Amino acid sequence: MPRPKRELIDLHIHVGGAVAPHILWSIAHSQGFKLPVRDYWEFVDLVTASSDKVKSLDDYLKILHTWTEKIQSSPAAIERAIYEIIGKEYRGSGVTRMELRFNPMKRNLGGERDLDHIIQAAIRGMDRAALEYNCRIGLIFCLAREFDAHINEIIVEKAIKYQSWGVVGIDLAGSEEHAMELAPDEMARYSALYARARAAGLKTTVHTGETPGTGAEGVRAVIELLRPHRIGHGVQAAYDENAMKLLVKHKVALEICPSSNLSTHAVADWKEMKHVVRTFIDRGVQITINTDGPYLLGTDMKREFELCEKHGLLNDEEIDRCLATAKDVSFLAGDS
Ligand SMILES: [Zn+2]
C-alpha cells in the first residue's frame, strides 16, 4: 500500500459504523455472541448498508442499533473496536487526525456493564493506536435524541469527567423524527446541558439538517438554542439563505458526509450533493468532508475526496482548503 498523498482529517466518524466486518465478527465470536447468520458473508451483509436494505436514515440507524453497537458492548470489545478503526484509517487513507464518536450508554447493555469501564477501555484503545501511528485522536460522546434528558445529562457529566483523558466534545445524534419536536421545557434543558458542556471546556456538535424532514429549520433552531461549535451534516441549510447566514455569523462549520447522505437518500444524487457543496462555498459557509461510517457505507476518507473531485464538488485546491478548515475547527487542541 503506497504512502497516501495527503494527511487527512476525519471529524465525523461513528465507532458503530467504522469497524471492519471481520473485526466485528472476531469480537462477536470471542464473546460467544449468538449471531443470526449461517456464515461470515451473511454477517457482512447484516452489518453493511447495501442499497436494497437502506432506504432512509432510520434504516441505516437500525443496523447500528441492532448489531454493531451490541457487539461493541463490553470493555474488551470497545477497546479493540477503537484501536482497529484508528489503525485502519491511518493505513488506508493517511488519516492522522480523527475525532471518533460513540454513545457510551449504547455500549453498556442497558446498565449491565459499568459505564466507567466502557469509557476507560475506549480511551485505552485510542491511546494505544495513537501511540503506534503517531496520530491525534479525540473522543466525542453522542447523546441520543430518543433518550430521556437525565440519561443524556449523565453522558455529559462523564464527558466532563474524562476530558483530561481525551474526551473532547459532545454530539446529539439519533433519528430526526425526535429532532425538534421536543417540548419547550425539554429544549431549555438541552440548551442548559450544552451550556454546561461548553462552560466545562468541551466542544459541541449536533446532528441536524440531514434529511429534508427537519430541513433548514433544524439548523436554525440548533444554532439559536444549542450554540454548537459545529453541525453534523446540515446539508438542508443549502436551501435556506437565513440558515446559511446564521452559520456564517456564528462561525459554525458543517461536517459534510457525502456518501452517507447519498446512502440514506437525504440527498438524491451527486448532482444535488454538488449543488449543496457549491452553494455553501459560494455563501462562505465553512465545510469539512468526513466519512460518518466508513465500513457501514463502504468508503473511507481517501475515497470521499476522490468522489468529491470526480463529481465536481471540489477541486484539488478546495480539498486542501477543506482540510485546513477541518484542522481549524477540530476539537483537538494545538497543532502537533
Ligand atoms: Zn453521523
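Q: In this predicted model, how many bridges pair β2 with strand β3 (residues 136-144)?
A: The model is predicted. β2 and β3 run in the parallel sense.

Q: Which residue of β2 is the bridge partner of I13?
A: Strand β1 (residues 8-14) is parallel to β2. Five bridges join β1 and β2. I13 has its bridge partner in β2, and that partner is L100.

Q: Why is strand β2 (residues 95-102) largely enclosed by the rest of the structure?
A: Burial is counted from neighbours: a residue is buried if 20 or more other C-beta atoms lie within 10 Å of its own. β2 has eight residues. The strand is largely enclosed because the number of its residues that are buried is six.

Q: Where does helix α3 (residues 57-71) bend?
A: α3 has 15 residues and spans 21 Å from first C-alpha to last, close to the 21 Å expected. Even so, α3 bends by about 35°. The bend is at H65.

Q: Which helices are included in what covers the buried residues of α3?
A: The buried residues of α3 include L57, Y60, L61 and W67. Contact here takes C-beta atoms within 7 Å. The cover includes α1 (21-30), α2 (40-47), α4 (75-93), α10 (258-263) and α12 (294-297).

Definitions and conventions. Residues numbered from 1 in each chain as written. Predicted model: local features only at pLDDT ≥ 70, side-chain atom pairs only at ≥ 80, totals over all residues. Buried ≥ 20, exposed ≤ 12 C-beta atoms within 10 Å, placed from the backbone. Helix = DSSP H or I, 4+ residues; strand = E, 2+ residues; numbered from the N terminus. Pairing = 2+ DSSP bridges. Expected span 1.5 Å × (residues − 1). Bend = angle between axes of the 7 residues up to and from the residue. Contact = placed C-beta atoms within 7 Å.
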